[in-house]
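This report describes one protein chain for a reader who is new to structures. Keep the model in view while reading.

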Amino acid sequence: MLLPLFKYVIIMLSVDDNGEGGTFALYSLLCRHAKLCLLPNHQAADEELSTYFSPGYSNRNIPPSVFKRYVEKRKNIRTGLLLVVLFGASMVIAIGVITPSISVLSSIEGLKVRVKNADDRMVIAITCFVLVCLIVRQHRGTHRVGITFAPIVLLWLLSVALLGIYNITKWNPRIYQALSPYYIYKFFRNTGKDGWISLGGIFLCITGTEAMFADLGQFTSTSMRVAFFVVIYPCLMLQYTGQAAFLSKNFSAVDISFYASVPEPLFWPVFVLAISTGIVASQAAISETFSIVQQCHALGCFPRVKIVHTSRWIHGKIYIPEINWILMILILTVTLGFGDTTLMGNAYGIAYMSVTLVTTLLMTLAITLVWHKTLVLALSFLLFFGSMEIIFLSSSYMRIHKGGWLPIMLSSVFLAVMYVWHYGSRRKYLSDQQNRIPMKWILSRGPSLGIIRTPGIGVIYTELATGVPATFSHFLTNLPSFYQVIVFVCIKTIHVPYISHKERYLIGRIGPKAYQMYRCIIRYGYKDVHKSNEDFEYNLVMSIAEFIQLESEGSRTPDGSVDGRLAVVRTSEKTGMRMVMSESTNLGESYGSGCSSWTGSASLRSSKSATLRRLQALYEQEVPAHLSRGRRVRYQLLDKNYKHPHVKEELLELVEAKHAEVAYVIGHSYIKARRNSSFLKKLAVDVAYSFLRRNCRSPGVALHIPHISLIMAGMNYYV
């Protein structure tokens, strides 16, 4: 009544981050309304996003409270908050390991009730087979079979409700009297310490309520409330009351109370339905694990992994191969190692209770920092719900030696991995920030930068949102030539779930126009889909072209707003460019009248060495047709009048550079702690972080960059 109904359905479903819920949604809300993020890459332009502040919760005109100033000034508090959030995320991953095991095993254990020869080994073998079949097909996605999930769950809820009514009427029609709070007092008066210890098992009746809030982005809060009030809550109350009625007359069947209370003619239909529901619950837990890892990865708290989007039409359906196989190993290990739903239930209760407590702590901060309510109201919420959850959690921790150690061990490992990765990435970012190239040094080299500028676009990836990374100086001092157009690209995740395409690209210049150097900040939300490399090239060129025209027309236009020297742009026909699809690979081919033809193909092709041309030809032959199609996209400039002649010249130079070649430069960094660093810092950076960097996906794979176009630049960091 108090936790699922009042806390989650009534209160928590009202707190969402642009429709998203969960641990990271609350943390993102806090980071947007207070300076709690440890990575110093915030820009004023980020606050101009349409999804940055929820309606009615902007704090621009509200003076900061004493508590807010106190929290923002203390780095230890901000670090502690991040650790709490990562601990909650780690427990969600632990739930993703335990839920499939306990859900499928508990449903298949019903065989012991009706099949005489069914023993534990048979039940565990069947469970492992079902789990393996479920996990190995994750790469195919759930959009094809997902349509059956809702009918299965609805049929299951109605079935258990009818079973509850049957057991109430057959065994103990007066069981409704047990809803009186008097029996709570009587229970603890008679049981004492044993009653308190039993709370950990009682809590299993409401596990799963946190998933309602975490999956808020899949449904609306209104639909969840209606489903809970109309279907879920009454069905579960009838089922639990029915089991209590059955146990009041058949206490010896407590271990198998559910299947023992099912009438014999209905056993097999209920058994099949229970397995189907267990598979649905397992799939939900696995999908939630993929989602939480993707969010951690987006916010720089998880090593680089390959994220595959399994559905083109349904947003958010993802598959992570590395996590999938890790889950399979852990799930099978738990199933074979424990083989007992009681031990799994102890572990399950600790994991869910920990996540619930983390949500309560974050909600307490959100009441005062996001809603701007008094600190007294926030503490009242914490004391009321937090005290209950601590009582349940303390009871669960009495079972650590009986399986409760599993989520603690799993969460400790994942927490260490996530925090070490975040710490190493943050130290690397701060080092990049301190070693930026001074603009005076770049300007002193002149428009040519002291090297030969060859046709093409050089895309240099950097984590810096401002300044020029030190990696670029290596090219200027060690290479005789570089590309004509240079674009510094920063892919940045903002603490919002989604960013619309028209607000994604932030474009600006570095130095005078003659230098042809641009900065492009690509902003994603923590649940956004990263497009393929072909889409990226198209959007990048079109965004730069849009910026060139915006710059010539003035600092403010209806389609873009300027933040200092950067402008938020979106592609439109105002750029005068259009994309033409052609089956031909001849760069010099003309595409019809009305366009400015480009005839520099031969000279640009000759700028490449024979070896490079041969390698590129082999690559285009070997790459699949659906992937190589992007190489047949050609840009043409419409014949139209421009306000300034230099705009057309600059756009033509951009088109010529794109047709010539696009190369991607990524820093291949070697990070090591300074000699005078502490032992813990050396252990974290030199051992743990280095190990994670060597064994995770390379940046090129994560960014979908073709190998033929990738340039790795070595860089040493001493942090």
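How are α15 and α18 placed relative to each other: roughly parallel or roughly antiparallel?

## Helices α15 and α18

The model is predicted. In it, helix α15 covers residues 321-338 and helix α18 covers residues 405-434. The two pack at an angle of about 155°, with their axes 13 Å apart. Angles over 145 degrees count as roughly antiparallel, and α15 and α18 are therefore roughly antiparallel to each other.

Their crossing is right-handed. On the α15 side the contact is made by L330, V334 and F338, and on the α18 side by W405, L406, L410 and F414. Sorted by type, the residues of this contact are seven nonpolar, no polar and no charged.

## The chain as a whole

The chain has 719 residues, and 51% of them count as buried. It contains 27 helices and 13 strands.

Taking the contacts in the chain with a separation of 6 or more, 80% are between residues 24 or more positions apart.

## Helix α1 against α17

Helix α1 (residues 2-11) packs with helix α17 (residues 375-396) at an angle of about 140°, and the axes are 11 Å apart. That angle makes α1 oblique to α17. The crossing of α1 past α17 is left-handed.

From α1, the residues in the contact are L2, L3, K7 and I11. From α17, they are F381, F384, F385, M388 and E389. Seven residues of this contact are nonpolar, none is polar and two are charged. An α-helix has 3.6 residues a turn, so residues three or four places apart point the same way.

Phi of N18 is near 55°, which is a positive value in a residue other than glycine. N18 is partly exposed, with a relative accessible area of 31%.

## Helix α2, an enclosed helix

How many of the 11 residues of helix α2 are buried? The count is 11 of the 11, so α2 (residues 23-33) is largely enclosed by the rest of the structure. Among these buried residues are F24, Y27, C31 and R32. The cover over the buried residues of α2 includes α3 (66-73), α4 (75-108), α11 (209-214), α14 (267-298) and α16 (341-369).

One of these covering helices, α16, packs with α2 at an angle of about 30°, with the axes 10 Å apart. Angles under 35 degrees count as roughly parallel, and α2 and α16 are therefore roughly parallel to each other. The crossing of the two is left-handed. Residues T23, L26, L30 and H33 of α2 take part in the contact, together with V358, T359, L362, M363, L365, A366 and L369 of α16. By type, the contact residues are eight nonpolar, three polar and no charged.

## T368 in helix α16

T368 lies in helix α16. Is T368 buried or exposed? The relative accessible area of T368 is 8%. Buried means under 20%, so T368 is buried. Leaving aside neighbours within four places in sequence, T368 is in contact with F67, K373 and A378.

## Helix α20 and the strands

Helix α20 covers residues 471-478, and its buried residues are T471, F472, S473, F475 and L476. What covers these buried residues includes a helix, α19 (439-444), and the strands β3 (452-461), β4 (481-494), β6 (517-525), β12 (662-672) and β13 (710-718).

Strand β4 holds V489. V489 is buried, with a relative accessible area of 0%. Not counting residues up to four places away in sequence, V489 touches V459, I460, Y461, T462, C520, I522, F536 and L540. The C-alpha atoms of V489 and Y518 are separated by 8.6 Å, although the two residues are 29 residues apart along the chain.

Q516 is placed in the loop between β5 (505-509) and β6. Phi of Q516 is near 50°, a positive value in a residue other than glycine. Q516 is buried, with a relative accessible area of 12%, whereas N18, described above, is partly exposed.

How values were computed. Residues numbered from 1 in each chain as written. Predicted model: local features only at pLDDT ≥ 70, side-chain atom pairs only at ≥ 80, totals over all residues. Heavy atoms only, no water. Axes fitted to C-alpha atoms, helices over the stretch in contact; angles between N-to-C directions. Helix = DSSP H or I, 4+ residues; strand = E, 2+ residues; numbered from the N terminus. Parallel < 35°, antiparallel > 145°, perpendicular 65-115°, else oblique. Left-handed = near helix turned anticlockwise from the far one by under 90°. Contact = heavy atoms within 4.5 Å. Nonpolar A, V, L, I, M, F, W, Y, C, P; charged D, E, K, R; others polar. Buried < 20%, exposed > 50% of the residue type's maximum accessible area, 1.4 Å probe, protein only.
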